[in-house]
Amino acid sequence: MSESAQPGAGELQQLLQTAPDQAHGQLLAAARAGHCASQLAVAQAYLEGIGCERQAQEAVYWLQQAAHQNEPAAMNMLGRCYENGWGASVDYALAAVWYRRAAEYGSDWGLYNYAHVLANGRGVPRDRAHAFVYFGLAAGAGHARAMHFLGQYHEHGWETPADLGKARELYRRSAEAGDYRGQCSWASFLAEEGRIGEASALLSSALAAAPAYFAAALLDQLKHSRHPELRTLAD
């Protein structure tokens with residue numbers, strides 16, 4: 001199959017969604033022929049069991065093939081596999097290497113994930129100053145989670161002078177982009193301004209989207225809110 005005959009990324013995603021069983025064989029053939037986007041799509045299929053059985057080790061193999069063709073999304077996902085032990089032994093240092101490479105190739109998720117490991121010293125020496133830089137780059141690329149974390153830096157004065165105005169704007173943008181952390185932080189600002197209805201709606205949305213551990217902690221906080229309307233959310 002010639003490169004010109006290969007499907008684009010959008011076509012691959014549509015094929016996986018509409019005819020996963022048919023898609024798997026076609027994508028696997030294209031992946032074996034060296035088509036980078038197909039390698040990434042096959043890896044996704046093996047990770048999620050789309051049109052095939054879940055085989056995380058196979059996913060890692062195809063992510064490696066795409067990553068070595070300088071595919072930033074594959075680099076980032078390979079980092080996640082090493083960080084979480086999906087199809088490979090947990091290796092935080094190797095995860096950080098792939099996040100950094102994904103960041104260097106312009107992946108907003110790579111920028112965010114590399115910032116996160118820098119901030120927490122996970123696989124690399126802890127370096128909040130450089131984490132601040134990478135969170136800023138990811139936020140500038142439109143990454144909602146990065147906007148929230150960057151807002152925390154500005155709110156608390158980590159590695160930069162405290163600036164509640166900047167924090168407020170970043171939390172608002174993060175919330176509007178759908179990040180549940182950003183929704184919580186933006187809701188806190190709104191509640192302090194007396195905009196309780198808006199704050200309540202954001203917190204309800206955050207509770208619906210957040211993982212169980214985060215939702216449980218948020219509910220516990222709401223039980224002690226000084227705003228009766230927000231305490232009712234804990235019920």
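This is a predicted model: local features need pLDDT of at least 70, side-chain atom pairs count only at pLDDT 80 or more; totals for chains, interfaces and linings use all residues.

Me: What do Glu-169 and Arg-172 form with each other?
Reply: They form a salt bridge, in which the closest N and O atoms are 2.4 Å apart.

Me: How many salt bridges are found in the whole structure?
Reply: A search of the whole structure gives nine. One of them is between the side chains of Arg-122 and Glu-83, at 3.0 Å from N to O. That pair links distant parts of the chain, with Arg-122 in the loop between helix H7 (108–120) and helix H8 (128–140) and Glu-83 in helix H5 (residues 72–84), 39 residues apart.

Me: And which accessibility class does Arg-122 fall in, and which does Glu-83?
Reply: Arg-122 counts as partly exposed because its relative accessibility is 34%, whereas Glu-83, at 17%, counts as buried.

Me: Which residues are linked in a network of salt bridges?
Reply: The network joins Arg-168, Glu-193, Arg-195 and Glu-198. Within it, the side chains of Arg-168 and Glu-193 meet at 2.9 Å, N to O. This pair also links distant parts of the chain, as Arg-168 sits in helix H10 (residues 164–176) and Glu-193 in the loop between helix H11 (180–192) and helix H12 (196–209), 25 residues apart. Arg-168 is partly exposed at 27% relative accessibility, and Glu-193 is partly exposed at 38%.

Me: Changing topic, how much space lies in the largest pocket?
Reply: The largest pocket holds about 500 Å³ of space. It is lined by 22 residues, and those closest to its centre are Cys-184, Ser-185, Ser-188, Leu-218 and Gln-221.

Me: Which elements give two or more residues to that lining?
Reply: They are helix H9 (144–156), H11 and helix H13 (212–223), and H11 gives the largest share, with eight residues. By residue type, the lining divides into eleven nonpolar, eight polar and three charged.

Me: Now helix H4, please: which of its residues are buried?
Reply: The buried residues of H4 are Ala-59, Val-60, Trp-62, Leu-63, Ala-66 and Ala-67, and they pack against helix H2 (20–32), helix H3 (36–48), H5 and helix H6 (92–104). H4 itself (residues 56–67) has twelve residues and reaches 16 Å from its first C-alpha to its last, which is close to the 16 Å expected at 1.5 Å a residue.

Me: And the overall picture: how many helices and strands does the secondary structure come to?
Reply: There are 14 helices and zero strands. Buried residues make up 43% of the 235 residues in the protein, and its C-alpha atoms fill a box of roughly 65 × 40 × 35 Å along the principal axes. Among contacts between residues at least 6 apart in sequence, 42% join residues at least 24 apart.

Notes:
Residues are numbered from 1 along each chain as its sequence is written. Side-chain values use heavy atoms; hydrogens and water are left out. A salt bridge is a side-chain nitrogen of Lys or Arg within 4 Å of a carboxyl oxygen of Asp or Glu. Helices (H or I, at least four residues) and strands (E, at least two) are DSSP runs, numbered from the N terminus. Buried means under 20% relative accessible area, exposed over 50%, partly exposed in between (1.4 Å probe, protein chains only). On a 1 Å grid over the protein atoms alone, a cavity is a set of points where a 1.4 Å probe fits but cannot get out, and a pocket is an open set with protein on both sides within 12 Å along at least five of seven lines; lining residues have an atom within 4 Å of a point. Grid points are joined across faces, edges and corners, and a volume is the space filled by probe spheres set on the points. Ala, Val, Leu, Ile, Met, Phe, Trp, Tyr, Cys and Pro count as nonpolar, Asp, Glu, Lys and Arg as charged, and the others, Gly among them, as polar. The expected span of a helix is 1.5 Å times one less than its number of residues. Contact means heavy atoms within 4.5 Å.
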